[in-house]
Amino acid sequence: MLNSFPQVMTIAGSDSDGSAGAQADLNTFFARNVYGMSILTACVAGNSYGIHASQALSPDFIDAEFEAIAADFQVRACKTGMLTDRETILTVANQLKKHDFGPLVLDPVIITKHGALLLADDAFNTLKTELVPLATVLTPNFYEAQKLTGIELKTPADFQAAGQALLAMGAKNVMIKGHHEAGQSIVTDYVCLADGQEFWLSEPYVETTHINNGTGDSLSACICAEIAKGQTIEAAIKTAKQFVHRAIANPIEVGHKYGPINHHA
């Protein structure tokens, strides 16, 4: 049957070394046995040492990408990654309201897992008001959850309060990723769902010779893929947690410094 194979879409930047961004999403989609498409928002010239140049794509071109996909494919679920600036975020939000691309997994790329700010204030505020309310699943990291809610995450009760605050902003389901720091033994994430259920997910912290790129991208992409295959939100999140842990725990040696995770694991 036409368009019967599970189709998913990432809305993200292109990372030329393949370790993060749309490339990490597409690797995840392939590993999870769904067909992946991409709406590119920016292009980055980089390698394992770092980023050397970047180019944002125009809102008109991003619109054209959306319209081309909408005219031909039946996207069952989609996810976002890096959205660069306010104009890009508005363009994406308007397109997601205009077309049905299925449930949205929103990876709010605001702050890196090491605490570096990635979005200007106007872009952050636009993401918060325009995209968070559209999210079927919101997957902020430790620092992003703090910035979105204004709650300092020190105790389990703080995570629970932040989760409820994010639900109140309009996100239907929330996964707050735990803090990553060398020397810790466990990484624990907090999940709260639209039906009132909440739970914690823990895996051992893995010390690696490379700093891993693309973990958050791959996690949200895996959730997206599992939703497209008909899994429940709870099952999709649990599968994604295990998928990324295996990809980190079974490293591949690519590049010299900031390496990718192993989607083949």
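User: Does Tyr 190 count as buried or exposed?

Analyst: This is a predicted model, in which local features need pLDDT of at least 70 and side-chain atom pairs count only at pLDDT 80 or more, while totals for chains, interfaces and linings use all residues. Residues are numbered from 1 along each chain as its sequence is written, and side-chain values use heavy atoms, with hydrogens and water left out. Buried means under 20% relative accessible area, exposed over 50%, and partly exposed in between, with a 1.4 Å probe and protein chains only. Because its relative accessibility is 0%, Tyr 190 counts as buried.

User: What is the angle between the planes of Phe 142 and Phe 159?

Analyst: Rings of Phe, Tyr and Trp (its six-membered ring) pair if their centres lie within 6.5 Å, and planes under 30 degrees apart count as stacked, over 60 as edge-to-face and the rest as tilted. Searching the whole structure gives five aromatic pairs. One of them joins Phe 142 and Phe 159, a tilted pair at 6.2 Å centre to centre, with an angle between the planes of 45°.

User: How many residues apart are Phe 142 and Phe 159, and in which helices do they lie?

Analyst: Helices (H or I, at least four residues) and strands (E, at least two) are DSSP runs, numbered from the N terminus. The pair links distant parts of the chain, 17 residues apart, with Phe 142 in helix H5 (residues 142–149) and Phe 159 in helix H6 (residues 156–168).

User: Which strands are tied together by the pair of Tyr 190 and Trp 200?

Analyst: Tyr 190 and Trp 200 make a tilted aromatic pair, at 4.8 Å centre to centre and 50° between the planes. The pair ties together parts 10 residues apart in sequence, because Tyr 190 lies in strand E8 (residues 186–192) and Trp 200 in strand E9 (residues 198–204).

User: How far is Lys 147 from the ring centre of Phe 124?

Analyst: A charge sits over a ring if NZ of Lys or CZ of Arg is within 6 Å of the ring centre and within 35 degrees of the ring normal. Lys 147 lies over the face of Phe 124, and its distance from the ring centre is 4.6 Å.

User: How far from Cys 78 is the nearest cysteine sulfur?

Analyst: A disulfide is a pair of cysteine sulfur atoms within 2.5 Å, and the structure holds zero disulfides. Cys 78 is accordingly in no disulfide, and the nearest cysteine sulfur, which belongs to Cys 224, lies at a distance of 6.4 Å.
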